[in-house]
Amino acid sequence: MRWWSFANFVSNAGTWMQLTVQNLLVLQITGSAAATGLSLSVQAAPGLLMSLVGGAAVDRFPRKLTAAVSQALLGAVAFTTVFLVASDQLSVGVLMALAAVTGLIATVDGPACALLGNDLVRPEDVPSAIGVGSLVHNAGRLVGAALAGIAVGFLGTAAAYAANGVSFLFVAAVIPFLRPVAGAVSRTRPPSGGAEPAAAPGADLTVREGLRFFARRPRLVGLAVITGISAVFGRNYGLTLAVLVTGPLAGGAGAFGTVSTVLAAGGIVGAVLGARLRKPSVRLVGVLAAAGGLLQAAAGLSPSLAVLLVLVLPLAVAESVSDTAGTTVLQTDPPAHLRGRVLGVWGSIRTVWSLAGPPALGLLMELAGARGALVAGGLAIAAVVLAGHVLRGRTVRAVALRPDPQPVPALGTAA
């Protein structure tokens, strides 16, 4: 697990280096901020439908092999970009195509790597493993963004892509040496212990089965609703807080940088706290999401930058712990042979949020301003969570009060 965490830190740092430089490349080639946003949407778009197929592939094929191949393919895409940049043959169309290929491979790589990390620890330690993964992700993001500026300044744009390619190959080289714990092997392979990880005998390995399981599982549907409303009306603080700080609070880029640093620090603290969870639940996710929504609403009413900083830290902590708890439920609730497809369904839902959230939030900001968007969005999150809690309570009471059917008397013969 230590090797896997270190490999993921290297990979995350490389990925954020590439994402940062990709935005710069599009801006250099086109001079259009809209084209930059389009490149990110093109990379996310394959997840809308292909995540379902990617999740099914993770359930069908050996997990270590799937993760290693996907990492190697991502490295190949990065090195292809290096060659095109170095030879001055990279156009916007080619860059968009490479971004789409990267997004397509990620539909397999995401669930494969997530579930492989869980296989390295005992079942009761999965929340801790997910918390460590969140910590690694946040740390890699900070380091990668900083290294991108250094790489571009001293070595040129291609250097960031080359570094990302090396990071993918490093992960692919580490994977063969990982040894899942005995309990994880038994959860992903049949008792016969064959070479292929398989579902339970006779299990349905189709995409439809994953969709059916997700739709019939109320706690997963509830988790999707909570996370979705939070993603649309919260979380996009790079937009809302940037406008709030530079507008009503009359701060500059440095002030927003301070807010971003506090958000990142809160995310790391939340990841550490989330790693201590033992039995996270959808109820805990809802409580933390509602608390985050109320803190967001309060942040929208901040009279000064100092008050905003005080509110932003617990906001980031609550959302980070909520993310860890929700991810744990998502990755442990389904049976082992369905987890890849459930993560595939989740990937499709998350893509809808990522594509629809920023425009919806932008429209809300146009109508209500930065303060109004933060307040209305935070209250909407808390209201949806409260409504879900009330609805669930009424459903439980209705089931409890439902009379039991009259038992059918047994028929028998006289002795």
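**Close-up views of a predicted model**

**View 1. The salt bridges around D125.** D125 is buried, its relative accessible area being 16%, and this value, like the others in these legends, was computed from a predicted model. The partner shown here is R122, which forms a salt bridge with D125 in which the closest N and O atoms are 2.9 Å apart. In contrast to the buried D125, R122 is partly exposed, with a relative accessible area of 48%.

View 2. Because R341 belongs to helix α15 and D59 to helix α3, the pair ties together parts that are 282 residues apart in sequence. Both partners, R341 and D59, are buried.

View 3. L48, L49, M50, V53, L104, V352 and L355 together make a nonpolar surface patch of about 560 Å². Helix α3, residues 50–60, and helix α15 each supply at least two residues of this patch. One member that can be followed in the view is M50, which lies in helix α3 and is partly exposed, with a relative accessible area of 35%.

**View 4. The largest cavity.** A search of the whole structure finds 2 cavities of 30 Å³ or more, and the largest cavity, shown in this view, holds about 50 Å³ of space. Its lining is made by Q18, Q22, Q43, V77, T81, L95, L98, A99, T102 and Y161. The elements that give two or more residues to this lining are α1 (2–30), α4 (63–86) and α5 (92–119), and α5 gives the most, with 4 residues. By class, the lining residues of the largest cavity divide into 5 nonpolar and 5 polar, with no charged residues.

**View 5. The second largest cavity.** About 30 Å³ of space lies in the second largest cavity, which is lined by residues including F233, R235, Y237, Q296 and L374. Helices α11 (237–246) and α15 (339–401) each supply at least two residues of the lining, and α15 gives the most, with 3 residues. The lining of the second largest cavity has 5 nonpolar, 4 polar and 1 charged residues.

**View 6. The second largest pocket.** The second largest pocket has a volume of about 620 Å³. It is lined by 18 residues, of which G222, V282, G388, H389 and R392 are the closest to its centre. Two or more lining residues come from each of α10 (218–233), α13 (282–300) and α15, with α15 providing the largest share, 7 residues. Sorted by class, the lining of the second largest pocket comprises 10 nonpolar, 5 polar and 3 charged residues.

Methods. Residues numbered from 1 in each chain as written. Predicted model: local features only at pLDDT ≥ 70, side-chain atom pairs only at ≥ 80, totals over all residues. Heavy atoms only, no water. 1 Å grid on protein atoms, 1.4 Å probe; cavity = no way out; pocket = protein on both sides within 12 Å on 5 of 7 lines; lining within 4 Å. Points joined across faces, edges and corners; volume = space filled by probe spheres on them. Nonpolar A, V, L, I, M, F, W, Y, C, P; charged D, E, K, R; others polar. Patch = residues over 30% accessible without salt bridge, like charges linked within 9 Å, V, L, I, M, F, W, Y side chains within 5 Å. Areas by Shrake-Rupley, 256 points an atom, 1.4 Å probe, with all protein chains shown as cover. Salt bridge = Lys/Arg side-chain N within 4 Å of Asp/Glu carboxyl O. Buried < 20%, exposed > 50% of the residue type's maximum accessible area, 1.4 Å probe, protein only.
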